[in-house]
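Visitor: I am new to reading models of this kind, and I would like to learn how to look at side-chain pairs and nonpolar cores. Could you take me through them one at a time?

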Amino acid sequence: ADVLDVPFAIADATTLTEAGYVGDDVENVLVHLIEAADGDIAKARRGVVYIDEFDKIARRGAGSSITRDVSGEGVQQALLKLLEGSLCNVPPRGGRKHPHQEFLQVDTSEILFICGGAFCGLRDIVQQRLGKRAIGFASDKDATPDHKELGEAGCVQPQDLIKFGLIPELVGRLPVTAMLDPLDEDMLVRVLTQPKDALIKQYQSLFAMEDIRLHVDDDALRDLARRSLQGGSGARGLKRELDRLMLHVTYDVGGEKGVEEVIFTKQAVLRGQRPEVVRRSDQTEKMVG
């Protein structure tokens with residue numbers, strides 16, 4: 001969107017419900033796009049919309065519940081016209097629609113819709129279709145496809161998505177399917193250090209308020225990434241691992257005088273040892289004073 005200079009908006013599928021029920025109508029997906037275009041409808045018609053948590057609107061299947069699935073299959077059916085291109089009536093400020101309200105008419109035929117989600121359990125559906133057994137006496141662990149093999153073009157078929165809970169009409173309107181590679185150790189180290197709001201940079205700013213430099217060795221960063229991978233929570237697990245490491249040091253060292261630098265090594269991460277603390281010399285403290 002930045003390269004093409006078109007408006008971009010992110011919508012959350014978990015808040016969407018069928019028309020007439022408490023929640024957001026599917027047309028509210030376009031409200032954020034119009035806001036990103038500064039109210040210019042013509043510009044919004046050529047924008048990009050990313051619908052997040054798309055797997056959460058999968059239909060629940062046949063169950064014992066007597067209530068309607070208003071946030072599942074009903075939302076998928078309401079999205080059909082929106083995705084294929086139609087003239088939609090959008091409330092100017094979002095919210096529920098009512099008859100005496102003015103609407104903004106938006107043609108969605110040229111809007112690019114990208115839908116994404118975790119789709120937990122889709123891997124098992126693909127393995128089952130490929131005839132790979134994961135448990136039992138006849139299991140073939142060596143033949144079980146890895147994530148790279150599952151992500152190859154054509155591996156995820158429309159019937160897999162339908163079995164997951166998407167209706168066939170919706171799958172047909174989303175012809176391009178891609179599986180993303182899982183984060184590896186190198187990627188998690190980059191997440192820790194490179195973004196403008198990276199976790200390491202945040203803690204370095206906190207320590208800088210006390211005139212203390214914070215340094216984390218490369219081996220320590222890799223061990224933090226490795227522990228996060230073992231936890232299975234991806235990049236979000238980095239926050240937990242780093243907070244566990246920094247909790248006591250942030251308050252203990254901050255109250256001490258003459259501390260110049262705090263260095264975290266691999267041993268401090270592995271064994272929970274106190275990091276190396278570099279103190280200013282007496283001459284330096286006198287000069288600072």
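## Pairs and cores

Guide: Let us start with Arg 59, which has a relative accessibility of 31% and therefore counts as partly exposed; buried means under 20% relative accessible area, exposed means over 50%, and partly exposed lies in between (1.4 Å probe, protein chains only). This is a predicted model, in which local features need pLDDT of at least 70 and side-chain atom pairs count only at pLDDT 80 or more, while totals for chains, interfaces and linings use all residues. Residues are numbered from 1 along each chain as its sequence is written, and side-chain values use heavy atoms, leaving out hydrogens and water.

Visitor: How many salt bridges does a search of the whole structure find?

Guide: A salt bridge is a side-chain nitrogen of Lys or Arg within 4 Å of a carboxyl oxygen of Asp or Glu, and the search finds 17 of them in the whole structure. One of these joins the side chains of Arg 59 and Glu 73, at 3.7 Å from N to O. Because Arg 59 lies in the loop between β2 (48–52) and α3 (73–84), and Glu 73 in helix α3, the pair ties together parts that are 14 residues apart in sequence; helices (H or I, at least four residues) and strands (E, at least two) are DSSP runs, numbered from the N terminus. Glu 73 is also partly exposed, at 27% relative accessible area.

Visitor: Which elements hold Arg 213 and Glu 260?

Guide: The side chains of Arg 213 and Glu 260 form a salt bridge at 3.6 Å, N to O. Arg 213 belongs to strand β6 (residues 213–216) and Glu 260 to strand β7 (residues 259–264), so this pair ties together parts that are 47 residues apart in sequence. Elsewhere, salt bridges that share partners join Glu 185, Asp 186, Arg 222, Asp 223 and Arg 226 into one network.

Visitor: What should I look for in a nonpolar core?

Guide: In soluble globular proteins, nonpolar side chains tend to be buried together. A nonpolar core here is a set of buried Ala, Val, Leu, Ile, Met, Phe, Trp, Tyr and Cys residues joined through side-chain atoms within 4.5 Å. The largest has 39 residues, and those with the most contacts inside it are Leu 30, Phe 54, Leu 79, Phe 113 and Leu 170. Among the elements that give two or more residues to this core are β1 (8–12), α1 (29–36) and α7 (168–172). A second, separate core of 25 residues includes Ile 200, Tyr 203, Ala 225 and Leu 238.
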